[in-house]
Amino acid sequence: MFHDAHDWALVLAAGEGSRLRSLTTTDEGVPVPKQFCSLDGGPSLLQEALHRAESVAHFTRVCTVVAAAHRPWWAEPLQMRSRANVVIQPRNRGTAIGILLPLLHLARRDPRATVALLPSDHFVENERALARALRGAMIDAATYSEDVLLLGIRPDHADPELGYIVPRRTDGVDLPSVAQFVEKPRRADAERLIDRGALWNSFIVVARLESLLALYERRFDEVLTALDLAIEREIAGDLRAVTDLYERLPDIDFSRHVLAGQEEFLRVVPVPSCGWSDLGTPHRVAAALRSPRAVPRSVAPHITPAAVLDLASRHGRLQLADA
């Protein structure tokens with residue numbers, strides 16, 4: 001089933017999910033990051049992402065980056081995972097640092113790795129369609145070995161709350177490179193972008209490990225070097241090395257500060273419309289709740305089907321309160 005023994009998946013689960021806080025706050029007033037909630041009473045979004053990751057990498061090669069402050073929520077779902085496959089971030093320093101930390105750990109274990117980066121807050125109506133695209137991208141990464149592949153979802157409507165990737169025109173043989181990123185355009189602009197062939201930016205990324213690290217080397221070489229050295233010191237016994245460095249690191253966004261401006265190294269993998277959403281707002285949660293899934297959800301036996309909160313229930317209660 002798996003293309004290569006060097007195929008890895010990295011599930012990104014260290015975010016705060018603040019935009020959805022109206023739905024993800026408990027009755028006691030405790031905000032729960034959305035990746036630890038379920039959409040409709042089933043597995044949490046994190047657990048669904050782990051299952052998604054196993055469509056492209058063996059269970060033993062699925063890593064997860066989490067936040068130290070979220071331990072009460074991830075400790076049980078990840079208890080059957082290898083400790084080496086759970087990378088704990090001391091604090092939030094932006095998505096770019098949250099990706100770099102586990103990549104540098106992985107570089108010590110498998111420098112030849114091909115990696116799929118998977119956010120843990122997505123809804124996918126047709127998981128099989130996305131899995132096919134992911135597996136194809138893992139294979140394509142060998143051909144486009146110096147490039148980073150971005151999965152772009154074919155839009156089924158103009159959504160002004162999403163980011164868009166505009167591909168360059170191509171002969172139809174090669175994967176197109178990126179011409180432009182457009183973040184949250186007005187609806188009319190989004191419609192024009194779609195007419196030009198723009199795709200929703202899923203923030204799902206596939207590339208060889210060395211190509212991902214090269215993005216950082218070209219823009220943030222000092223940060224990469226400092227974090228790599230801190231990890232080395234931590235392995236040698238200085239357990240505060242990474243934590244202390246995090247206090248001094250800048251906040252860096254992966255899309256705005258790492259990808260944007262390096263379009264020449266980026267390629268787009270078009271993904272057929274598959275009912276994808278990033279569940280970034282209550283509006284998109286409501287839309288996902290109205291969408292039947294093409295494939296009933298199931299999880300592997302080693303994925304505990306527990307979630308802290310049920311977004312469907314919370315959404316229903318908020319609607320009743322507003323009525």
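Ala, Val, Leu, Ile, Met, Phe, Trp, Tyr, Cys and Pro count as nonpolar, Asp, Glu, Lys and Arg as charged, and the others, Gly among them, as polar. The model is predicted, so local features need pLDDT of at least 70 and side-chain atom pairs count only at pLDDT 80 or more, while totals for chains, interfaces and linings use all residues. Residues are numbered from 1 along each chain as its sequence is written, and side-chain values use heavy atoms, with hydrogens and water left out.

**View 1. The largest cavity is lined by eight nonpolar residues.** A cavity is a set of points, on a 1 Å grid over the protein atoms alone, where a 1.4 Å probe fits but cannot get out; lining residues have an atom within 4 Å of a point. A volume is the space filled by probe spheres set on the points, and grid points are joined across faces, edges and corners. The structure holds two cavities of 30 Å³ or more, and the largest has a volume of about 50 Å³. Its lining consists of Trp8, Ala9, Leu10, Cys63, Pro102, Leu103, Leu106 and Val115. Strand S1 and helix H3 are the elements that give two or more residues to this lining. Helices (H or I, at least four residues) and strands (E, at least two) are DSSP runs, numbered from the N terminus.

**View 2. H3 gives the most to the lining of the second largest cavity.** About 30 Å³ of space lies in this cavity. Cys63, Ala84, Val87, Pro102, His105, Leu106 and Arg109 line it, and four residues of the lining come from H3. By class, the lining has five nonpolar, one polar and one charged residues.

**View 3. The largest pocket is lined by 40 residues.** A pocket is an open set of grid points with protein on both sides within 12 Å along at least five of seven lines. The space in the largest pocket is about 1,200 Å³. Gly15, Arg19, Thr95, Asp121 and Asp253 lie nearest its centre. Two or more lining residues come from each of strand S1 (7-13), helix H3 (95-109), strand S5 (114-119), strand S10 (199-208) and helix H9 (254-259). The largest share, five residues, is from H9. The lining of the largest pocket has 14 nonpolar, 15 polar and eleven charged residues.

**View 4. H3 passes helix H6 (residues 209-219) in a left-handed crossing.** A crossing is left-handed if the near helix is turned anticlockwise from the far one by less than a right angle, and right-handed if clockwise. The axes of H3 and H6 come within 11 Å and cross at roughly 135°. Axes are lines fitted to C-alpha atoms, for helices over the stretch in contact, and angles run from 0 to 180 degrees between N-to-C directions. H3 and H6 are therefore oblique to each other; angles under 35 degrees count as roughly parallel, over 145 as roughly antiparallel, 65 to 115 as roughly perpendicular and the rest as oblique. Ala96, Ile99, Leu100, Leu103, Leu104, Leu106 and Ala107 of H3 make the contact (heavy atoms within 4.5 Å) with Leu209, Leu212, Leu213 and Tyr216 of H6. The residues of this contact are eleven nonpolar, no polar and no charged.

**View 5. H3 passes helix H7 (residues 221-235) in a right-handed crossing.** The axes of H3 and H7 are 10 Å apart, and the helices pack at an angle of about 55°. That makes H3 oblique to H7. From H3, the contact involves Ile97, Leu100, Leu101, Leu104, His105 and Arg108. From H7, the contact involves Val223, Leu224, Leu227, Asp228, Ile231, Glu232, Glu234 and Ile235. The residues of the contact of H3 with H7 divide into nine nonpolar, one polar and four charged.
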